[in-house]
There are 6 protein chains.
Amino acid sequence: VIERTLTHLTWTDIRDLEKEKGVLLLPVGAIEQHGPHLPVATDTLLVTNILKRALQLLPQEVAAWRLPALSYGKSNEHEAFPGTISLSGETFLAVLKDIARSVARAGFRRLAFVNGHGGNSALLEVAARDIRAETGLMVFCVQPAFWIEPPFKLSEEEKQYGIHAGELETSLVLALQPGIVKMDKAVKHYMKPPMPLFGSVSVAWLTPDWSETGVFGDATAANPDKGIALLDYASQRLAEIISKISHFEVGNG
Amino acid sequence: VIERTLTHLTWTDIRDLEKEKGVLLLPVGAIEQHGPHLPVATDTLLVTNILKRALQLLPQEVAAWRLPALSYGKSNEHEAFPGTISLSGETFLAVLKDIARSVARAGFRRLAFVNGHGGNSALLEVAARDIRAETGLMVFCVQPAFWIEPPFKLSEEEKQYGIHAGELETSLVLALQPGIVKMDKAVKHYMKPPMPLFGSVSVAWLTPDWSETGVFGDATAANPDKGIALLDYASQRLAEIISKISHFEVGNG
Amino acid sequence: VIERTLTHLTWTDIRDLEKEKGVLLLPVGAIEQHGPHLPVATDTLLVTNILKRALQLLPQEVAAWRLPALSYGKSNEHEAFPGTISLSGETFLAVLKDIARSVARAGFRRLAFVNGHGGNSALLEVAARDIRAETGLMVFCVQPAFWIEPPFKLSEEEKQYGIHAGELETSLVLALQPGIVKMDKAVKHYMKPPMPLFGSVSVAWLTPDWSETGVFGDATAANPDKGIALLDYASQRLAEIISKISHFEVGNG
Amino acid sequence: VIERTLTHLTWTDIRDLEKEKGVLLLPVGAIEQHGPHLPVATDTLLVTNILKRALQLLPQEVAAWRLPALSYGKSNEHEAFPGTISLSGETFLAVLKDIARSVARAGFRRLAFVNGHGGNSALLEVAARDIRAETGLMVFCVQPAFWIEPPFKLSEEEKQYGIHAGELETSLVLALQPGIVKMDKAVKHYMKPPMPLFGSVSVAWLTPDWSETGVFGDATAANPDKGIALLDYASQRLAEIISKISHFEVGNG
Amino acid sequence: VIERTLTHLTWTDIRDLEKEKGVLLLPVGAIEQHGPHLPVATDTLLVTNILKRALQLLPQEVAAWRLPALSYGKSNEHEAFPGTISLSGETFLAVLKDIARSVARAGFRRLAFVNGHGGNSALLEVAARDIRAETGLMVFCVQPAFWIEPPFKLSEEEKQYGIHAGELETSLVLALQPGIVKMDKAVKHYMKPPMPLFGSVSVAWLTPDWSETGVFGDATAANPDKGIALLDYASQRLAEIISKISHFEVGNG
Amino acid sequence: VIERTLTHLTWTDIRDLEKEKGVLLLPVGAIEQHGPHLPVATDTLLVTNILKRALQLLPQEVAAWRLPALSYGKSNEHEAFPGTISLSGETFLAVLKDIARSVARAGFRRLAFVNGHGGNSALLEVAARDIRAETGLMVFCVQPAFWIEPPFKLSEEEKQYGIHAGELETSLVLALQPGIVKMDKAVKHYMKPPMPLFGSVSVAWLTPDWSETGVFGDATAANPDKGIALLDYASQRLAEIISKISHFEVGNG
């Protein structure tokens, strides 16, 4: 069986890896409020677990190794809530670039950010391009929305407004680690701003602008079965993405 | 008639403006290659002109003033092409924050980035949130895609792959300043990468990865009439957006 | 006729320019209070217009192209006055260096800062030397004082103390765009500090230290005729400077 | 039983914690070469495991919670070896300060760095003081040497020169995760520089200055029993330290 | 007799100083090539000695204290010459601001930079204003030119082109420390660039652009008597400046 | 006799120095409170004087030159006391790196920090390694503790707790410059924190946490004779260190 945790290898192992194909996968999470019912580690927990499962689904011939997670991301939208621990944008960008420089120096050709937190997305895109320009690495962003269509029915409201600590995230944590979910505190809160929070016209938002509890969505609709179904779906989807990325070459389009 | 160019006012005028309602509009462009047929100022030219037209369409009761454009943006994807002049991400972010601090100090409550270049979008979103967190300003991003559905028929290919210096941008410059377009050099180039360049799974790209000419789209399909129609459409659309933004209040959703 | 707006060219045009001779001209302005009678865009307005006129006066054989203006400069001396929008010194320096790196990468050999605001001068000199050391570009500073001797009689007081928003600047804006000057609010204020504000012994100053209105000089003495005369003089003078700079080589002295 | 993983709590849980007493524990590791026989994650692996064990030993009345580890530290001494992934000193310092600001904002009074890598030590001390000065937090450094006296006999040479990937670290990983140790590749290398690498007179060193394999010590002397004994010892020792830190108050000396 | 070396006082002495009047004097020098005949410490040597003499000339009622010199300045124009040790502009600015913050925190109201190196001048002006804006300190720049008119006849060429390591600086070092001057290596070199190196139109220069020896001026015309005369003159002049600065108040003009 | 003050040499002298052997010595001090009896310049005063004496003791064949001192260090632990002037950690690191780049550019192979202030130590170690990695220089840290064992009997308490402005430092200043010591204000203060301030488990401290006077130790036990003995001892010790460093080569161990 292949060791897919890069950092379980020795430096001579890593030196000797065939690197023409293959991708390093950096999970990027966040420590931030997820309502009164979910742990502040939710994003980091989800992204690392989905990635671990995806790696188990990979055929042996796919060359892909995971790196230790960045547990702390950019979460200043939630910083009014105790337990949120956020890097500044400038620091976050510097961390990503430093890691990529080490990856490139070791001779790898592909690096992918597997991201579990929407608030990280924009800076990951910036970092990806800057790293490509500076080091020549091929850099990929897998944003949290890659599993956005769950294998069960979501209400229209949840689809549109369930963006944080709602049905999907709550179901996932219930599936993974039910002991740290407090379903008795789960709430339903649909914030419907008169202007989008994302997209081609948007208003910058901090969580207290739109939610007192920190929830955007219906956490009460969550259950472990949905979580398991979603986990399977997302892991399978991520495994496919990794397979494709692992031998991708720019310029063939 | 209302003076909508903020910087044509004196400091005492600006001090005395009613600021409870009203938004400052910062056009953000780029100086970067736009193929062998369009000027490197294309993005700055388009965004400033569409904004000027939009302002003329505003009813008098809408409080909105434009700021001088940031002509230089973040364009390192194009930096292999002479004539591209790019700020680093770190510098661009610092510029946006410095300007916003001055805007907040003057007592304004709303700032909108009206952006003409996709390569700026991610950092504008980052800046918008950071500025809101630091200064309390309400900050809006109007990204180039706000006028993405033109009032004439686009081919499916152009819709999907015409992202830079193609039919739409070329038509717009033909409408605005035909003397600086070299239609005899216009080309059609559809780069179809086996992985998206945007969205939930993407690969970071530099222009030379996918295009030798710098064009992504069909510039040969452009003409001034399309440009005029698009200009009218986009200006009207932007005027509506500004009207809405100008009295928006967070927390009413 | 030569296209002297560099950014109206395409990247292939710019690639093909003969660059052994020739200079790029970067207008650098400021958005800052200019008293109760002049617009806050005064410095940017003046420097861009004088440069445009100077370019029209150049003989065809002089190779010189203007870049889009930096409208925002370093104006923290005026930041107590609403409408002043200032970059920090560190940001301003970073912007200048980033632009110069792109200019050098494109193969140009000469870059000139054409500056309209005294508060920018010191950092432009710093940037010029740092850029020369880093990139090998020949870098020139044309500071606002290049047109300091107007073609009409100035009072001794105005010569010495008319440093901001006084007779000269007011006359120039009256000549260029009279509709945005409020002569009924023009004042005369001679601040005569017991220590110079410039030169070999000086005291650092913020505008409120020495002026309540933001004016240093006699704005009431301004008129459009003086402005036209000064505009002609300054444009002619700048054209001569550009001609000389455009083929200057270091080391021939 | 107490939840000692802070990030398994919700934001309302964290808000409601009694914070007058109590300490947050931030494990700080490194991803860096550890010879041809140990995984590059060794430091992170050790510090997180020793901390987990220590927490299990704590009496219930001790208020202490662990934070997610910083897996990446400052390891530029090893950057010539593939698999080393290092933050720059400036980035590492910024990460520590950002995290501490969030911790202080949440109302905690004590933060401890539990460090597994000697190359991090100096910057942790710098960060600790700067954070205390800026935020008022009481900040503690627990450096890797806290368990330096193992509960079995070490040779004099190993004591003095076994500083990296030698008998102690190898034994520990053998105890924790034997499947990722390659004892057939273990070497013994005593580098004896004519000048100390630490202390009041020292020479700055990069690993290739003194070791070709990356080992400083005798890895061949390691075995799992030593590892278990050391793990017990170190966990016990750390539990005592945490108990003391958790209610420490400055100024009582 | 008054102790004018601030750092010879204890913290309680400094706490108890009357600070309503009084100025702290920070000598700023440079370590940079001064031709084949003068030591690289020339600027630091001169500015510290002239300041020491000036302080001895002050009447007792003038409140003025000197700070330890910044021996290293910004000298990148000379960095091609071994022995030049230069801070970057960004670092130099940071040093000045940090020192000023400590000065303001201690309760002083006035800080003066007494500068011995032209290459520092622009950044000192920038720092002075930024410090005034941030801390409210009154900040003064005394630039090297304060003693530019020597009490003996200079040739016209020397006046205009003798800007570095020429007759004046060489005479001063001969007067202060003749043992470290190598008059047998003194040269005369007048660089006459076809464009000014300073002033309203200037070209950024590095020393190798204009001088092979590093000398700009006629060092052979120097002698100790001139140095003594100049030293007396400059010290007297500086004493007068300090007297005036020491009780200067902004806003009285 | 050899000129050991590097900056008393000319650039051609420095260019021509034999650099294969030899070390540059950078004294690093601090301006910070040293109790009510010692000057705030104590650290800078001590380190520069001990170094000067050490250089006089060197045999002629040892190649070693001193650089001008960094008088200002990192002293934020003392910043609550007037007269403390501190650089931030980030600035201090930048200064050290800039100086080292100039040293490396000149062709030297060895640089040693001779440090007089414990608060600088950690950052000097960080800088030393970073400089070695970036420039290839061999970099040495000589920390204040190099003379920690005085040639006379210290009480056990003083040994352990006399870390600042106590018997040793006071004796040294009494020996060097008795006129600036105020022995009538000397105090004895042993702060005995229930947790170490240094070492493998430590608490970050600011001086006001543990001392009202700024003294940690028994200043009343100081006298000039002890100072002279210690000065001789420390200078001799430092001379030996420099001799060894001056021809040290990495990799011979």
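**View 1. Surroundings of Asp209(A).** Leaving aside residues up to four places away in sequence, Asp209(A) touches Ala204(A), Arg132(B), Val250(B) and Gly251(B), where contact means heavy atoms within 4.5 Å. This is a predicted model, in which local features need pLDDT of at least 70, side-chain atom pairs count only at pLDDT 80 or more, and totals for chains, interfaces and linings use all residues. Residues are numbered from 1 along each chain as its sequence is written, chains are lettered from A and ligands numbered from 1 in the order in which they are written, and side-chain values use heavy atoms, with hydrogens and water left out. Asp209(A) is placed in helix 7 (residues 207–210) of chain A; helices (H or I, at least four residues) are DSSP runs, numbered from the N terminus. With a relative accessible area of 13%, Asp209(A) is buried (under 20% relative accessible area; exposed is over 50% and partly exposed in between, with a 1.4 Å probe and protein chains only). Between the C-alpha atoms of Asp209(A) and Met191(A), 18 residues apart along the chain, the separation is 9.8 Å.

**View 2. Arg132(B) and its polar contact.** Arg132(B) belongs to helix 4 (residues 121–135) of chain B. Arg132(B) counts as buried because its relative accessibility is 9%. The side chains of Arg132(B) and Asp209(A) are joined by a polar contact of 2.7 Å (a pair of N or O atoms within 3.5 Å; within protein, one must be able to donate a hydrogen and the other to accept it, and residues adjacent in sequence count only if both atoms are side-chain atoms). Not counting residues up to four places away in sequence, Arg132(B) touches residues including Leu206(A), Leu137(B), Met138(B) and Val139(B).

**View 3. Helix 2 and helix 8 of chain D.** The axes of helix 2 (residues 42–57) and helix 8 (residues 224–246) of chain D come within 8 Å and cross at roughly 60 degrees. Axes are lines fitted to C-alpha atoms, for helices over the stretch in contact, and angles run from 0 to 180 degrees between N-to-C directions. Helix 2 and helix 8 of chain D are therefore oblique to each other (angles under 35 degrees count as roughly parallel, over 145 as roughly antiparallel, 65 to 115 as roughly perpendicular and the rest as oblique). Among the residues making the contact are Ile50(D) and Leu51(D) of helix 2 of chain D and Leu231(D) and Ala234(D) of helix 8 of chain D.

**View 4. Helix 2 and helix 8 of chain C.** In chain C, helix 2 (residues 42–57) and helix 8 (residues 224–246) have axes that come within 8 Å and cross at roughly 60 degrees. Helix 2 and helix 8 of chain C are therefore oblique to each other.

How values were computed:
Helices (H or I, at least four residues) and strands (E, at least two) are DSSP runs, numbered from the N terminus.
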